[in-house]
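User: I would like a close look at one part of this structure. Please keep the answer brisk.

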Amino acid sequence: MKPSSRWVAVPRWGSGAMALLATAAAQAQSADPVRWQLNMGKGVTQTARLAWEAHMVALWVCVVIGFLVFAAMAYAIFAFRKSKGAVAATFSHNTTAEILWTVIPVIILVVMAIPATSKLIAMYDTRNAEMTVKVTGYQWMWEYDYLGQDVRFFSRLDRESDRLRQSGQRPDPATHPHYLLEVDNRLVLPVDTKVRFVITSDDVIHSWWVPALGWKQDAIPGIINEGWTLIEKPGIYRGQCAELCGKDHGFMPIVVEALPKAEFAAWLAQRKAEASPPADAPAAAEPVPAEAGAPVEAQPVAQQPGQAANAQV
Ligand SMILES: [Cu+2]
């Protein structure tokens with residue numbers, strides 16, 4: 001009995017591993033985290049790479065310090081053990097040692113802080129953006145408004161994820177690799193373009209976070225936060241709301257689809273055509289939630305020439 005169950009278990013484990021590997025390969029293409037990933041992802045933007053570099057510098061500094069400290073401890077424990085007749089020193093203060101163990105860490109911290117600060121400053125520099133997208137958080141969806149383009153839409157959890165989560169079934173990662181990480185309308189962006197975001201919220205605090213872009217930014221009612229990105233690789237990048245915002249906080253994912261510039265221009269033209277039908281129908285094709293109102297507050301900061309009036313219809 002036992003051997004047979006063991007023999008059955010092996011292929012099952014094998015197929016599970018294959019499925020996992022296939023999922024990992026599919027996800028790797030979109031810069032998603034993979035199972036058992038140990039290190040921070042490199043991301044697909046300059047900002048993400050800067051964060052990754054700062055992280056790696058700090059990591060290696062920690063590794064070197066850890067190695068030196070533990071090596072000194074191990075040597076002291078071994079070389080000065082009681083069985084060898086070691087006698088503990090009795091001094092309690094040593095000015096030279098105290099100066100050294102204060103000055104050396106300060107130097108290390110300053111050396112690490114200088115590049116980190118310049119990277120942070122670069123991350124917050126939203127000047128010279130080629131386009132601006134206003135992101136508004138709602139309970140529990142996102143709205144994207146391509147300022148000055150008359151293109152705006154809501155982005156909600158996709159129907160399949162919603163159906164699965166309410167069905168009580170346990171989704172299989174092999175068949176639903178993006179369960180709760182897919183939306184009905186993706187935020188489409190061009191690559192190699194500096195895109196500025198103005199981020200706000202209509203109800204409670206949310207946080208717009210796509211790890212592959214290298215930052216997250218709080219969406220706060222009545223406040224406009226900024227961010228920017230320059231995506232270097234076309235692909236699909238997934239994220240989530242990162243601020244506990246209510247009962248459906250876990251069900252308002254973010255999906256960014258980065259397209260080559262020409263494809264993005266075609267997509268934008270198509271959205272514009274859809275948004276402005278030839279008849280005298282109102283441009284807003286999307287249903288507007290009852291609590292809409294933040295976009296009006298957001299207008300003063302959105303200093304885009306030719307920006308259309310954003311009042312909700
Ligand atoms: Cu949220």
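At what angle do helix H2 and helix H3 pack, and how far apart are their axes?

Analyst: Some ground rules come first. Residues are numbered from 1 along each chain, as its sequence is written. The model is predicted, so local features need pLDDT of at least 70, side-chain atom pairs count only at pLDDT 80 or more, and totals for chains, interfaces and linings use all residues.

Now the helix pair. H2 covers residues 46-79 and H3 covers residues 95-124. The two pack at an angle of about 170 degrees, and their axes lie 10 Å apart. Helices here are DSSP runs of H or I with at least four residues, strands are runs of E with at least two, and both are numbered from the N terminus. Axes are lines fitted to C-alpha atoms, for helices over the stretch in contact, and angles between N-to-C directions run from 0 to 180 degrees. H2 and H3 are therefore roughly antiparallel to each other. That label applies to angles over 145 degrees; under 35 counts as roughly parallel, 65 to 115 as roughly perpendicular, and the rest as oblique.

Which residues make the contact? On H2 they are Thr47, Leu50, Ala54, Val57, Ala58 and Val61. On H3 they are Ile108, Met112, Pro115, Ala116, Lys119, Ala122 and Met123. Contact means that two C-beta atoms, placed from the backbone, lie within 7 Å. The contact residues divide into 11 nonpolar, 1 polar and 1 charged. Ala, Val, Leu, Ile, Met, Phe, Trp, Tyr, Cys and Pro count as nonpolar; Asp, Glu, Lys and Arg count as charged; the others, Gly among them, count as polar.

An unreviewed UniProt entry places the feature "transmembrane region" at residues 54-78 and 99-118. Its positions follow the numbering used here, feature names are shortened, and annotations may be inferred rather than shown by experiment. Over residues 54-78 the chain is 100% helix and 0% strand, with end C-alpha atoms 36 Å apart. Over residues 99-118 it is also 100% helix and 0% strand, with end C-alpha atoms 29 Å apart.

For context, the chain has 6 helices and 10 strands. Strands pair if DSSP finds at least two bridges between them. Gly137 has Ser201 of S5 as its bridge partner.

Another open sheet of 5 strands runs S4-S10-S9-S6-S7, again with mixed pairing. Its edge strands are S4 (187-190) and S7. In this sheet, 5 bridges join S6 (residues 206-210) to S7 (residues 215-219), and these two run antiparallel. Trp209 has Lys216 of S7 as its bridge partner. Val210 stands opposite Trp215. The S6 and S7 hairpin has 4 residues between its strands, and Gly214 takes a positive phi near 95 degrees. Helix H5 (residues 261-275) lies across S4 and S10 (254-259), at about 135 degrees to S4.
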